[in-house]
Amino acid sequence: MMLRSIALLALATCAPGPGDSHAPAKQREDRAELDRLVGDLCDKQVVLLGEGEHGDGHTWEIKTELVRALVDSCGFDSMYVESGLYDFFALDRAHAAGAATAKDVANAIGAVWAEARETQAWITYVHEAAAANRLEVMGLDDQIHSTAFYAQRELPAVLAAYLPPGRKEDCEARIARHHQWTYDETHPHSEASQAELLSCYAQIEAAAAKAAPSTETAEALVMAKNLGRWAARDFFTDGQAIFNARDRSMFDNFQWHRQRAGGQGKAIVWCATVHAAKDLGGIASRRGFSPLGQHVREHYGERAAAIGFSAWSGATQPRGRPGRELSVAPPESLEGRVLAPEQPLRYLDAAELRALGSVEARPLNHEFRRAEWHEVLDGLVVLRRETPAHHDASQAAKKGAP
């Protein structure tokens with residue numbers, strides 16, 4: 001199969017510097033490494049593309065090119081994002097009607113990604129591919145984020161409409177307060193208000209399950225279930241329990257989407273590496289954590305692949321949080337061992353990861369941890385330098401904020 005060559009020439013970290021006569025050769029090496037990765041992924045049914053942290057600009061640029069290659073050359077026809085599923089239903093209807101815009105895609109994805117310069121090409125490509133009916137794009141998460149305007153503004157009434165008069169108005173008000181997070185001294189959020197909210201969601205779910213079958217009712221049913229799972233975690237204090245419940249919810253949503261599509265096609269999952277990982281049990285600080293990727297691997301086996309990203313040096317800049325410089329990786333670490341002098345990036349497949357044995361590396365949140373990394377990931381892209389995301393509040397999502 002002829003694969004679309006990964007176009008790294010446009011990526012700033014690979015652009016030739018003054019007097020850099022070796023740049024074209026380096027760029028060819030970069031393309032060869034990532035073409036090798038695409039070759040390994042092309043025949044998979046599910047590919048999870050991770051990222052060390054939600055602020056890794058260069059990783060986002062490379063993931064964008066990988067998405068293009070997998071869709072254009074390998075026939076992947078769906079993409080699922082680690083973001084609330086609610087607004088993607090509205091986005092899907094807008095695409096079907098020819099009314100969706102790239103800004104609608106950005107709002108559904110959420111400001112964590114969509115306000116960064118480095119993701120604008122991804123958002124544009126996803127919008128164009130979805131508008132052309134070449135790519136279905138959906139969310140996996142049960143949480144509601146800041147630019148989920150459909151979930152905040154319209155969904156409370158949509159769901160409450162399944163309830164009888166009296167109960168309908170009460171639940172709509174409670175749901176709107178929770179989705180927009182407008183709790184105050186008069187209406188505080190407490191375990192009592194949580195119980196009332198969960199009762200609303202449960203009654204909506206029961207009513208939707210009895211309603212005449214339709215696409216809208218099926219979506220309302222799955223949204224009510226998700227909202228119940230999300231609200232049930234409001235007062236959880238155990239981080240592992242929160243993680244496991246959320247990732248199980250994302251997998252349930254993934255399977256629901258796949259079953260609705262008849263179980264056919266090839267899917268890309270865009271998420272953090274800690275969620276993409278096929279097994280975290282070999283990392284001491286993550287024992288007992290069950291990520292989305294583990295559930296995917298248990299169901300799809302070798303038809304699935306989890307890919308991570310790491311860096312020898314650089315910086316990261318999550319939205320709304322302090323950025324940080326990454327220390328230069330020690331020579332004995334994975335990142336310190338695998339890059340040739342001045343090599344901008346390298347792709348390590350599962351066999352190469354296995355050959356490294358137990359070694360310190362930082363694909364998860366840029367924190368060094370020891371593991372047999374072939375047990376965690378099916379492949380790892382190691383960058384010479386990560387670059388911080390450049391967030392710009394004038395773009396995409398904030399223009400539509402309440």
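Reply: A crossing is called left-handed if the near helix is turned anticlockwise from the far one by less than a right angle, and right-handed if clockwise. The model is predicted, with local features requiring pLDDT of at least 70, side-chain atom pairs pLDDT 80 or more, and totals for chains, interfaces and linings using all residues. Residues are numbered from 1 along each chain as its sequence is written, and side-chain values use heavy atoms, without hydrogens and water.

The crossing of H9 and H10 is left-handed. Helix H9 covers residues 167–180 and helix H10 residues 191–210 (helices are DSSP runs of H or I, at least four residues, strands are E runs of at least two, and both are numbered from the N terminus). The two pack at about 120 degrees, with their axes 10 Å apart (lines fitted to C-alpha atoms, for helices over the stretch in contact, with angles from 0 to 180 degrees between N-to-C directions). H9 and H10 are therefore oblique to each other (under 35 degrees is roughly parallel, over 145 roughly antiparallel, 65 to 115 roughly perpendicular, and the rest oblique). From H9, the residues in contact are Arg167, Cys171, Arg174, Ile175, His178 and His179 (contact means heavy atoms within 4.5 Å). H10 contributes Glu196, Leu197, Ser199, Cys200, Tyr201, Gln203 and Ile204. By class, this contact has 6 nonpolar, 4 polar and 3 charged residues (Ala, Val, Leu, Ile, Met, Phe, Trp, Tyr, Cys and Pro are nonpolar, Asp, Glu, Lys and Arg charged, and the others, Gly among them, polar).

A second pair is formed by helix H12 (residues 239–260) and helix H14 (residues 292–300), which pack at about 45 degrees with axes 8 Å apart. H12 and H14 are therefore oblique as well, and their crossing is right-handed. On the H12 side, Asp247, Arg248, Met250, Phe251, Phe254, Gln255 and Arg258 take part; Leu292, His295, Val296, His299 and Tyr300 of H14 meet them. This contact of H12 with H14 comprises 6 nonpolar, 3 polar and 3 charged residues.

Gly263 lies between H12 and strand S4 (267–270). Its relative accessible area is 34%, so Gly263 is partly exposed (buried is under 20% relative accessible area, exposed over 50%, partly exposed in between, with a 1.4 Å probe and protein chains only).

Val105, Ala106, Asn107, Ala108 and Ile109 of H4 are buried. The buried residues of H4 pack against strand S2 (78–84) and against helices H3 (86–96), H5 (111–114), H6 (120–131) and H7 (149–153). Gly110 follows H4 and has a positive phi, near 105 degrees.

Asn133 has a positive phi of about 65 degrees although it is not a glycine. With a relative accessible area of 72%, Asn133 is exposed.

In the chain as a whole there are 16 helices and 10 strands. Of its 402 residues, 54% count as buried. The C-alpha trace spans about 75 × 45 × 40 Å along its principal axes. Among contacts between residues at least 6 apart in sequence, 77% join residues at least 24 apart.
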